[in-house]
Amino acid sequence: ERLNALVGGYFKDIEHAKDAGLVEKWLSSAIGEIAAQVARVYEKRSRSLVRNAMKYVEEHYREDLGYKDVAKEVFVSPSYFLALFKGETGLTFVDYLTEVRIERAKALLATTEKSIAEIAFEIGFNNSNYFSSTFKRLVGTTAKEYRGNSSAPR
C-alpha cells in the first residue's frame, strides 16, 4: 500500500515537470526511494516467512519433517525456502531442526525417566544410535552423561 501511494505521488509530481534535467533528477530520486521501499518490504516478508517456518518446526519437530513440508506450509518453493532460511538464520534447515530436537531432548533427559531410545523417537529421530551420535556431537557429552550431570529434578 505504501509503495503504491509512493508511486502514485510521483506520477502526480511528474505531470508538472517541464525541464528534462528536472525529470531526470526526479526519476533518479523516485527509483531510489521505490527500490528502498521494495527492499524493506522484501526484508520484512522474508523475516516473517522464516519466523513462521521456525514456529512450524517448533510445533512439528516430532514428525518426519522435511524442508519441502515447511516450504509448502509457508507458501514458497522449496529451493527459495532453503536459501531464505539460511540467509535469515545462518543455519541450514536441517541444522535448525536438529537443534530444536536436541534442545527438547535435553529438557526431557533432565525432567523425565524415559529411556534415551524413547526420547530419541519422541523428538523425531528414527534411529536411537543416530540420535546418540548427534547428541554427543552437538552437546559434547553423551545423553546418558548429560542426564547424570543434570541438576534438574526428575
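A pocket is found on a 1 Å grid over the protein atoms alone, as an open set of points where a 1.4 Å probe fits, with protein on both sides within 12 Å along at least five of seven lines, and its lining residues have an atom within 4 Å of a point. This is a predicted model, in which local features need pLDDT of at least 70 and side-chain atom pairs count only at pLDDT 80 or more, while totals for chains, interfaces and linings use all residues. Residues are numbered from 1 along each chain as its sequence is written, and side-chain values use heavy atoms, with hydrogens and water left out.

## Pockets

The second largest pocket is lined by Leu91, Val94, Asp95, Thr98, Glu99, Ile102, Glu103, Tyr130, Thr134, Arg137 and Leu138. H5 and H7 are the elements that give two or more residues to this lining, and H5 gives the most, with six residues; helices here are DSSP runs (H or I, at least four residues) numbered from the N terminus.

The largest pocket has 16 lining residues, of which Leu65, Leu97, Arg101, Gly124 and Tyr130 lie nearest its centre. Here too, H5 and helix H7 (128-139) are the elements that give two or more residues, and the largest share, five residues, comes from H5.

In its last column, Ala, Val, Leu, Ile, Met, Phe, Trp, Tyr, Cys and Pro count as nonpolar, Asp, Glu, Lys and Arg as charged, and the others, Gly among them, as polar.

| Pocket | Volume | Lining residues by class |
|---|---|---|
| Largest pocket | about 240 Å³ | seven nonpolar, six polar, three charged |
| Second largest pocket | about 160 Å³ | five nonpolar, two polar, four charged |

## Helix packing

The axes of helix H2 (residues 20-60) and helix H5 (residues 93-111) come within 10 Å and cross at roughly 45°, where axes are lines fitted to C-alpha atoms over the stretch in contact and angles run from 0 to 180 degrees between N-to-C directions. Met54, Val57 and Glu58 of H2 make the contact with Phe93, Tyr96, Leu97 and Val100 of H5, contact meaning heavy atoms within 4.5 Å. These residues divide into six nonpolar, no polar and one charged.

H2 also packs with helix H4 (residues 78-89), at an angle of about 95° and with the axes 10 Å apart. H2 and H4 are therefore roughly perpendicular to each other, a term that covers angles of 65 to 115 degrees. The residues of this contact divide into nine nonpolar, two polar and three charged.

Technical notes. Grid points are joined across faces, edges and corners, and a volume is the space filled by probe spheres set on the points. Angles under 35 degrees count as roughly parallel, over 145 as roughly antiparallel, 65 to 115 as roughly perpendicular and the rest as oblique.
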